[in-house]
Amino acid sequence: MVATFLNAVEATRRQIISAGYILLNRWKNPLECRCQNRVRGKVVVITGATSGIGRFTAFDLARKGALVYLAGRSREAGATVVREVTQATGNRDVHFLPLDLTEFSSIVTFVQEFLRCEEKLDVLVNNAAVFHHPPKQTQHNLEIVFQTNYLGVFLLSSLLLDTLRHTPNSQLIFVSSEAHRLVSLKDVETFDPREAVHAENFDDHIKLYGISKLALRIFAQFVAESFPGILVTEVNPGNVWTPIYRHAWLSWRDMLKRLLCSLLMQDVQEGAQPLIHALNSSSLQSGIYLSDILQAEGRPGYDPAVTQRLLAASVELTGKYLDGTPKEIYNFI
Ligand SMILES: NC(=O)c1ccc[n+]([C@@H]2O[C@H](COP(=O)([O-])OP(=O)(O)OC[C@H]3O[C@@H](n4cnc5c(N)ncnc54)[C@H](OP(=O)(O)O)[C@@H]3O)[C@@H](O)[C@H]2O)c1
């Protein structure tokens with residue numbers, strides 16, 4: 001009885017702290033990017049463009065005259081977004097190409113299709129991700145959050161690196177998350193995506209997500225250091241009420257939290273501003289992490305030995321599924 005009461009008090013305390021944190025972030029991040037348009041005429045690929053921040057950014061890119069490739073796993077949702085974007089902006093250079101980050105062959109096919117249409121790539125926006133996903137191993141027997149948010153992005157970016165390298169002033173953007181600060185390099189090193197993870201509560205899910213986003217940061221920093229010719233930018237949208245939370249806080253005990261989040265979190269327009277700023281600002285240095293349009297953090301300088309071990313494991317986990325795809329795509333590691 002006493003234990004139940006104390007648990008309820010603890011749960012309420014945590015909900016209040018979380019709500020305070022979300023509110024604080026919202027006040028800290030009220031700014032809108034007013035940079036001059038720097039995307040007109042650029043070829044931009046944006047993943048996860050069928051929903052949330054990616055979808056909002058696709059409208060902004062099209063309005064500014066970019067040639068946009070929307071990448072997503074649902075053809076139907078993709079066709080709808082293309083139609084909506086074209087109608088709203090008048091830009092007819094908006095296309096959809098299917099991409100499922102949980103399927104390595106789909107990533108290879110996406111890149112082949114894209115390269116059949118375009119010779120250059122000015123900007124690749126790695127935006128797609130999942131959070132709080134019901135526990136699942138993909139068809140490659142890899143943990144789904146880690147594969148979607150990191151391994152799939154690692155493969156997609158590796159396949160497109162050569163094209164980015166040969167496009168003058170190209171940019172590679174990774175949409176990150178503050179959740180990466182909740183885990184350590186050791187967590188990333190000891191995580192084995194081949195083992196099923198039974199995430200049971202919010203803390204388990206945020207740890208899993210944090211590991212995938214820290215791995216992504218390590219890769220982003222490696223690319224920034226290895227390829228000075230590509231502008232690498234990491235972006236943190238803040239807390240944004242989007243379908244990414246579709247599986248979170250569904251139990252009756254979490255209903256208050258869900259309600260507060262839906263009311264207090266930023267909307268997509270606000271949450272997309274750091275990404276829109278990354279796309280349009282003329283004063284970014286490679287390797288920075290943008291939390292809002294005023295705050296840019298310098299390079300974190302991860303341990304090179306950890307980076308090498310992560311990259312070697314990533315090559316091993318993705319490479320063996322690349323039937324017929326030249327392994328030279330990994331020569332840069
Ligand atoms: N919202 C936040 O509070 C928040 C905070 C920090 C960071 N972020 C980051 O912001 C980015 C955008 O998230 P969001 O909030 O806009 O979420 P969202 O609305 O759920 O959008 C995520 C997109 O990723 C796509 N996606 C998921 N799994 C995929 C797969 N296997 N293959 C290809 N595409 C896949 C989704 O496609 P479907 O439409 O088919 O599901 C969707 O278009 C993510 O990187 C996220 O980690 C968000």
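R299 is placed in the loop between β8 (296–297) and α11, where helices (H or I, at least four residues) and strands (E, at least two) are DSSP runs numbered from the N terminus. The structure is a predicted model, in which local features need pLDDT of at least 70 and side-chain atom pairs count only at pLDDT 80 or more, while totals for chains, interfaces and linings use all residues. Residues are numbered from 1 along each chain as its sequence is written.

With 16 C-beta neighbours inside 10 Å, R299 counts as partly exposed; a residue is buried if 20 or more other C-beta atoms lie within 10 Å of its own, exposed if 12 or fewer, and partly exposed in between, with C-beta atoms placed from the backbone. Leaving aside residues up to four places away in sequence, R299 touches Q221, A224 and G287, contact being C-beta atoms, placed from the backbone, within 7 Å. The C-alpha atoms of R299 and Q285 are separated by 9.8 Å, and these two residues are 14 residues apart along the chain.

## Helix α11

Helix α11 (residues 304–319) has 16 residues and reaches 21 Å from its first C-alpha to its last, close to the 22 Å expected at 1.5 Å a residue, where the expected span is 1.5 Å times one less than the number of residues. In α11, the residues L310, S314, L317 and T318 are buried. Seen down the axis of α11, the buried residues fall within an arc of 85 degrees, so they line one face of the helix; the arc is that of the directions from the helix axis to the C-beta atoms.

The cover over the buried residues of α11 includes α4 (104–117), α5 (144–165), α6 (185–190) and α7 (202–226). On the face of α11 turned away from its buried side are the exposed residues P304, A305, Q308, A312 and E316.

## Two residues with positive phi

N169, which lies in the loop between α5 and β5 (171–175), has a positive phi of about 55 degrees although it is not a glycine. N169 is exposed, with 11 other C-beta atoms within 10 Å.

W249, found in the loop between β6 (231–235) and α8 (255–264), is likewise a residue other than glycine with a positive phi, near 55 degrees. W249 is partly exposed, with 18 other C-beta atoms within 10 Å.

Note on methods. Contact = placed C-beta atoms within 7 Å.
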